[in-house]
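I opened my notebook next to the model and jotted down what I looked up, one entry at a time.

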Amino acid sequence: MHYCAVSYPPASIQTQVSYPGACASSNWGKMGFLLLLLLAVLLVVSGCDQNEPPQRQKHVLVWPNVGVTDLPQLDPALSSDNNSVQAVQLIFSGLVKLNAQLQIVPAAAYSWQVSPDGKTYTFYLPAQLQFADGTPVTSQDVMYSLDRSLQMTAKAAQEGGDGGLFYLRHIPGAADVAAGRTSAARGLKAIDAHTLQIQLDAPIAYFLADLAAPQASIVPQKLIQKYGEQKWVDHALGTGPFLLGRWTHGVRMTFLPNTFYYGDKPVLDEIDMPFIQDAHAALLSYRAGQYDLTWGIEGPDYPQARTEKNFHEMPLLGTDALVPNTTMEPFNHLEVRQAFAEAVDPKVLAHQVMGDSVAASTTIVPPGMPGYAASPAHGLAVNAQEARKLLGSVYPDASIMPAVTLTYPTNGLPQAEAQAMQAMWQQVLGVHVGLAPVEPSTYQREFAAGHLQLGVVNWTPELADPWDLLTMRLHSGAPENVGGWQSSQFDQWVDQADLLFNDPAQRAMLYQQAEQLALSDAAWIPLDHPKYTAFIAPYVHGLVVTPVGLMPSDWAQVTVGKH
């Protein structure tokens, strides 16, 4: 605030009053003088206030965390659900990160080198890298964080997530740390205070994507030692753009800018993140102006929402597909799988049944994923005549074909969509398919055990890399290859691509060839890619909708204007 000097009384003010009687004249003169003096002071002070600059508007972004009443987890070593990761990524960072285009870019490490054999990564930390309390960060802190994440693997599994071993398993000694046989992985080495070397047991092409996961975040050892493993997250700080302001469990979290952040500093004064379990209630609060954005618009709200201003949607990095069990009749016959695939019309399902709340798919790899090919050359197309011909080549009389049942989780396939596919198979193939909706946990247990004849997979990635889908789900003998499909040619292509660390274009081509083979064999029958839906108020700038959700192009560019 600016202060103005005022002289009392102002020299320019003179009073002359003349009334009958000396006393009256004296009294009125004094009162008039005081009134004029007060007026002069008010005028001068008023003029001073007009010259003061207006106070800066406080920039607070109200970003609801939709679908939960509280965060399941804030420890990055244990976080796997989307709601937790949304908060974790504000506070913590690793050596690298994904940008809005899902490319690996520098984070806490400003650069790195890869050895010619692809098995040694050397990361360089800036000398000014600090935690949000100003404590310097060294390569020893990174080693501590990665070892700790490995140590937490068993606990992460108990909470239903993937622990550090999933992401760091190719570091020599990682399995020993996860098993408790040692406390430090021998593949981690501090060259000096700001140089870290990570050895791998193979030239893994997706290793940098591993390091972009929350489980590879840098955490503050001193804070964890001070408060203990259970309580330190209530005071959480890391090397991310924000630090935890307050966590009122069951109500909201607030985040404040990290003044020691290594990147361009956020201009927001605060992020207010209320917990709201019901997506419909969140939408109503957004429309009422209580939230600056909301997300997860689905079900009955979707048709109206998609016609409104400031609505955004994009196919998520995920795939919903049918998975025929190739070890069971009748899907052990290639022609039967192909017939079932060509009888299903994903566009009809997405548009007429799902109201465009999902994006129809003819691919296994989703849009936005590195290696995505929009139109596989050898995929199966909708073709009723060909479908009947294929089925007839194995079962000339469809009535002698073994009974088929589509089993699906009640939260993974809408009943209307299951019934629509049932009608398609009946109309095109003359085959009645039974429907068996199952409680989700029971379904997952039976599906993972390979007990289902025809199931549904709702795949979302742990890593933004085709390895996480093609190799992990369709490679012969892979634990998550629940359909039991096998192809030596497919295995050869993905094995080669997994290790092709120095030729992204050739790697993408190999994955595309492998995907086309899986599609032509109907190893999976893709249905759709789910959508990420959000409203962002027009006065909020710098946030973008991506295939992995809402994220900033740069936190220094995220602003909340007047509203």
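**Entry 1: a pair of strands**

In which sense do strand β14 and β18 pair, and over how many bridges? I looked it up, keeping in mind that this is a predicted model. Strand β14, residues 319–324, and β18 run antiparallel to each other, with six bridges between them. I also picked out one facing pair: Val323 stands opposite Gly455, which sits in β18.

Next I asked how many residues of β18 are buried. The strand covers residues 454–459, and five of the six are buried, so the rest of the structure largely encloses β18.

**Entry 2: the whole protein**

I stepped back for the overall counts. I found 18 helices and 23 strands. The protein has 563 residues, and 51% of them count as buried. Then I checked contacts between residues with a separation of 6 or more: 68% of these come from residues 24 or more positions apart.

**Entry 3: helix α17**

Which residues of α17 are buried? My list for this helix, residues 488–498, reads Phe490, Asp491, Val494, Ala497 and Asp498. Why do I put them on the same side of α17? They cover an arc of only 135 degrees around the axis, so they share one side of the helix. I then looked for what they pack against, and got α16 (470–474) and α18.

**Entry 4: the second largest pocket**

α18 turned up again when I went looking for pockets. The second largest pocket has a volume of about 420 Å³. It is lined by 21 residues, and the closest to its centre are Ile104, Ala205, Asp465, Pro504 and Arg507. Two elements give two or more residues to this lining: α7 (207–211) and α18 (504–520). The largest share comes from α18, with four residues.

What kinds of residues make up the lining? I noted 18 nonpolar, one polar and two charged.

**Entry 5: one serine**

Is Ser149 buried or exposed? Its relative accessible area is 1%, and buried means under 20%, so Ser149 is buried. Which residues does Ser149 touch once I skip its neighbours within four places in sequence? I wrote down contacts with Ala77, Gly164 and Gln215.

Technical notes:
Residues are numbered from 1 along each chain as its sequence is written. This is a predicted model: local features need pLDDT of at least 70, side-chain atom pairs count only at pLDDT 80 or more; totals for chains, interfaces and linings use all residues. Side-chain values use heavy atoms; hydrogens and water are left out. On a 1 Å grid over the protein atoms alone, a cavity is a set of points where a 1.4 Å probe fits but cannot get out, and a pocket is an open set with protein on both sides within 12 Å along at least five of seven lines; lining residues have an atom within 4 Å of a point. Grid points are joined across faces, edges and corners, and a volume is the space filled by probe spheres set on the points. Ala, Val, Leu, Ile, Met, Phe, Trp, Tyr, Cys and Pro count as nonpolar, Asp, Glu, Lys and Arg as charged, and the others, Gly among them, as polar. Buried means under 20% relative accessible area, exposed over 50%, partly exposed in between (1.4 Å probe, protein chains only). The arc is that of the directions from the helix axis to the C-beta atoms. Contact means heavy atoms within 4.5 Å. Two strands pair if DSSP finds at least two bridges between them.
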